[in-house]
Amino acid sequence: MEQVIFYTTAYNAEKTLQRTIQSILEQTDPNWIWYLLDNGSADRTYEIIRQAASKDPRIVPLHNDQNNQFHPGNSCWDIPKRLDNTDWFCWLDADDTYSSSFLEEMLAFARVNRLEMAACGTVNIQAQTGASLGERILPQDLVLSNAREFDSYFPFYYQFIRPTWAKLFSASLIRSFDFSRLFSVFHGWDTLYSMEMLRNAGRFGVLARPLHQYYISPKSVSYQWNPSRTKADQILYQMACSFLIDKCGFISPRNRNFLQTVYSHAVSDTLHVIQSAALSPSEKLREYRTIATHPITLTVYRECTDESVPRGKAGLILHELEAGAALGKQDDIDLRASMQLLLPRCGQAVNAINAQMFSEDPTLLQALLQDDADAMMEALLERMRDGREVKQYDVAGTIHALAVEKPLLCQIDDAVFLRRYGGIYWKVWKGDHLAALDEMSGLLLENKARGGQETFLTLFISLAALENQASAFIFGKLQLAGLYLRQGHRERCRSIVADLEEMGVEDDALEDLRRG
C-alpha cells in the first residue's frame, strides 16, 4: 500500500517540536510513517518524541546519544532503504509544519502527472512573532519531463529545489541516488541533495499551493558562521552548472546569468554572517579575501548583468573597508589583495590606514565603488588642498599609490608639493602636459615656485623632456642645480653641471654654478 515516510532530525527542539508533530497528526491522508530522530538533544526533545510515539504507532522514535545526523541505523541515508516500491519519502524540519492537506494534495498531484519528484509552495513565517514574510509559490502548476522544459523553466523551479522539505521523493528515485556525488558541506547540503535527486528524476512537478510553513529564526544554522560556508557557496554554484549540463546538455546564457545572480545573493548572505560572527578584523578580512579573489566571484562581478550584482559587489567592498579600518597595526595584506582584484584601477590605493576615509567620504566612496580613478584622484587632490585629515589618512601616500601606473607621477609623494600644486598635478594626470609645463614655467619665471621645489623642478624637467622642449629642459636643470647649491648639496649640483656641459650648454647661469 502506498504510504509516505517522513523523516525529521530534531536537536534541542522542545520549543517547536510539538507544533511540528501536530501538523503531521492532522494530515487528512493517514497513510504515513514518521521516523522522528532526537539527535543528541540536551533538552526535553526526546521525551516529547517518546510521548508522541506512545500515542500514535505511526511515529517511530529514534535517538542518538551525540549530535550526529549520520549515525548508522538512524541516519537520513538508512531510513529510505526501508521504502517499498510504492512509497514516498518526505523531509520535515523540527520547527516547520505542513498544512493538513499536504499529503492528500501532493500525492494526488504526483499520481495524476506520473511524477518521480514533486514540490509545493512555502509560506515564510517569522519564528518570534508568527508574522507572514511572504510566499514562495508559482502562479500555476508546473510539470517538467524533457531537457527543453528543464532548461526553459530553470529560473522558476530552482527556488523549489533549494530545500529538501516541501517535497515528495519516489522510492525509485531514492534508490537511484548516487551518494558519491554529494559533497559534505555545512551550508547548502539540502540544495545539493535535492538537485542530485532531480538530476535522476524523469518527471518533476511543482504544485502551485503553499502547503509548507517555514519558520525563520536568526538562531538557525543558516545564520551561524562556519569556516566552510564560503566553500559551500562555490560548490553550490558549480553543482548547479553541472546539473544543467547533465539535464539539458548545455547552460543557456539566461540560466548562467541567473545562477550568477543567485551566487551573488548567496555571497551577500555569507558576508552578513561573517560580519556578525565573533571574528577579529584580520580573520574577517581573510574570509572576505577568500570570497573576493575566487574565480567564480570575479567572473560573476565581471559578467552578470543583473542590477543586484553591483550592489552585492559594493557590499563586499564596504565590509572590507569596515574590517580594514578596525585592523589597527595588524597586517593588511588581505585587504589590499582583495581590493586590487575587485577594483583594478583604484584598489591599489586602499589600505588599513585610509580605509576609514573611504567609508566616511561619499565622493571618495562612490569613486572607489565605480573604480573611477579620475574621480578618486580629483577628490584626493581636493582633500589635499583643503588639508582635511591629510596626515591621519596619509592622503599623499594614497595619491602616490593611485598613480602607480603614471610614469610622470608615480614617484611623487611630497605632501607639500601636492598641497600647493594640485592643479598642476591634475593637468599632468589628465595628460595635458603642455598646459602644466606653461603654468610651471610662469611660476619659475616669477619666482613663485615655493615649497616642494625639488619635486616641482624634477617634474618640470621630466615634462620638458617628454614634450621635447629643450630650452625648458635646460632651464629646469639650471634651476634644480641652483636649488641643490643653496641647500648645500654640492655633489648633486656638480653632477647636473657636468650633464649640461656634456650637452654643450653655454649659459651665464652655468658659469655661476661652476664658481659656486
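A salt bridge is defined here as a side-chain nitrogen of Lys or Arg within 4 Å of a carboxyl oxygen of Asp or Glu. The structure is a predicted model, in which local features need pLDDT of at least 70 and side-chain atom pairs count only at pLDDT 80 or more, while totals for chains, interfaces and linings use all residues. Residues are numbered from 1 along each chain as its sequence is written, and side-chain values use heavy atoms, with hydrogens and water left out.

Side chains of opposite charge can pair when their charged atoms come close. By the rule above, 20 salt bridges are counted. One of them joins R199 to E196, with 2.6 Å between the closest N and O atoms. Both residues belong to helix α7 (residues 189-200) and are three residues apart, about one turn of the helix; helices are DSSP runs (H or I, at least four residues) numbered from the N terminus. R199 counts as buried because its relative accessibility is 12%, and E196 counts as buried at 2% (buried means under 20% relative accessible area, exposed over 50%, partly exposed in between, with a 1.4 Å probe and protein chains only).

A salt bridge also forms between D374 and K430, whose closest N and O atoms are 3.2 Å apart. This pair links distant parts of the chain, 56 residues apart: D374 is in helix α16 (residues 373-386), and K430 is in the loop between α19 (422-429) and α20 (433-445). D374 is partly exposed at 31% relative accessibility, as is K430 at 47%.

K427 and E439 form a further salt bridge, with the closest N and O atoms 3.1 Å apart. Here helix α19 supplies K427 and helix α20 supplies E439, twelve residues apart. K427 has a relative accessible area of 27% and is therefore partly exposed; E439, at 34%, is partly exposed.

A pocket is an open set of points on a 1 Å grid over the protein atoms alone, where a 1.4 Å probe fits, with protein on both sides within 12 Å along at least five of seven lines; lining residues have an atom within 4 Å of a point. The second largest pocket holds about 270 Å³ of space, the volume being the space filled by probe spheres set on the points, which are joined across faces, edges and corners. Its lining includes L298, Y301, R302, K313 and L369. Helix α12 contributes the most to this lining, with five residues.

How values were computed
Helices (H or I, at least four residues) and strands (E, at least two) are DSSP runs, numbered from the N terminus.
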